[in-house]
Amino acid sequence: EALDWARGSIASERIVLWCNPEPVSMAARSRPTKTGIAVNMVYTPPSQRGRGYASAVVARLSQLLLQSGYAFCMLYTDLGNPVSNSIYQKIGYRPVCDAVEHRFAGANT
């Protein structure tokens, strides 16, 4: 089932791959609205990191989404990861807000 899902996601361009010449990084589009869309599922295997592949795939996917008519693209990123935050800002993303997670004592979640 996972392989079918992956093949379908790539075929429908929900997931894009950066290849050199084999796939070395990926990113996905999700949560479209009338004016914006999210970029997520950015991943590069550890053996391929540090070569600019994630930067390239996110920049290209973002460019394609903007050219297709979306007014903006968004990313949700971990503030504790300075590498990805730096990459995203270098390709044109800017921080707009921070999120905080709270866990209440005694909660069943």
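These are my notebook entries on one protein chain and what I looked up in it.

**Ground rules**

I am working from a predicted model, where local features need pLDDT of at least 70, side-chain atom pairs count only at pLDDT 80 or more, and totals for chains, interfaces and linings use all residues. Residues are numbered from 1 along each chain as its sequence is written, and side-chain values use heavy atoms, with hydrogens and water left out.

**Entry 1: the whole chain**

I counted 3 helices and 4 strands. Both are DSSP runs numbered from the N terminus: helices are H or I with at least four residues, strands are E with at least two. Along the sequence I read α-β-β-β-α-β-α. The C-alpha trace spans about 50 × 35 × 30 Å along its principal axes. The chain has 109 residues, and 24% of them count as buried. Buried means under 20% relative accessible area, exposed means over 50%, and partly exposed is in between (1.4 Å probe, protein chains only). Next I checked contacts, meaning heavy atoms within 4.5 Å. Among those between residues at least 6 apart in sequence, 41% join residues at least 24 apart.

**Entry 2: V42**

I found V42 in strand 3, residues 36–43. V42 counts as partly exposed because its relative accessible area is 27%. I left aside neighbours within four places in sequence; V42 then contacts M26, A27, A54, V58 and Y88. I also looked at L17, which is 25 residues from V42 in sequence and 9.9 Å from it in space, C-alpha to C-alpha.

**Entry 3: two pockets**

I looked up what a pocket is: on a 1 Å grid over the protein atoms alone, it is an open set of points where a 1.4 Å probe fits, with protein on both sides within 12 Å along at least five of seven lines. Lining residues have an atom within 4 Å of a point. Volume is the space filled by probe spheres set on the points, which are joined across faces, edges and corners.

The largest pocket has a volume of about 810 Å³. I listed 27 lining residues, with L75, T77, R94, P95 and V96 closest to its centre. Helix 2 (53–67), strand 4 (72–74) and helix 3 (82–90) each give two or more residues to this lining.

The second largest pocket holds about 470 Å³. Its lining has 25 residues, and V42 is one of those nearest the centre, with A54, S84, I87 and Y88. Strand 3 gives the most to this lining, 5 residues.

**Entry 4: helix 3**

Which residues of helix 3 are buried? I found S84, N85 and Y88. They sit on the same side of helix 3 because they cover an arc of only 100° around the axis, taken from the directions from the helix axis to the C-beta atoms. An α-helix has 3.6 residues a turn, so residues three or four places apart point the same way. On the other side of helix 3, P82, V83 and K90 are exposed. The cover over the buried residues includes strand 3 and helix 2.

I then checked the ends. N81 caps the N-terminal end of helix 3, with a side-chain oxygen 3.2 Å from the backbone nitrogen of V83. After helix 3 comes G92, with a positive phi near 115°.

**Entry 5: S62**

S62 is in helix 2. Is S62 buried or exposed? S62 counts as buried, because its relative accessibility is 7%. Not counting residues up to four places away in sequence, S62 touches V39, C73 and Y93.

Definitions and conventions: A polar contact is a pair of N or O atoms within 3.5 Å; within protein, one must be able to donate a hydrogen and the other to accept it, and residues adjacent in sequence count only if both atoms are side-chain atoms.
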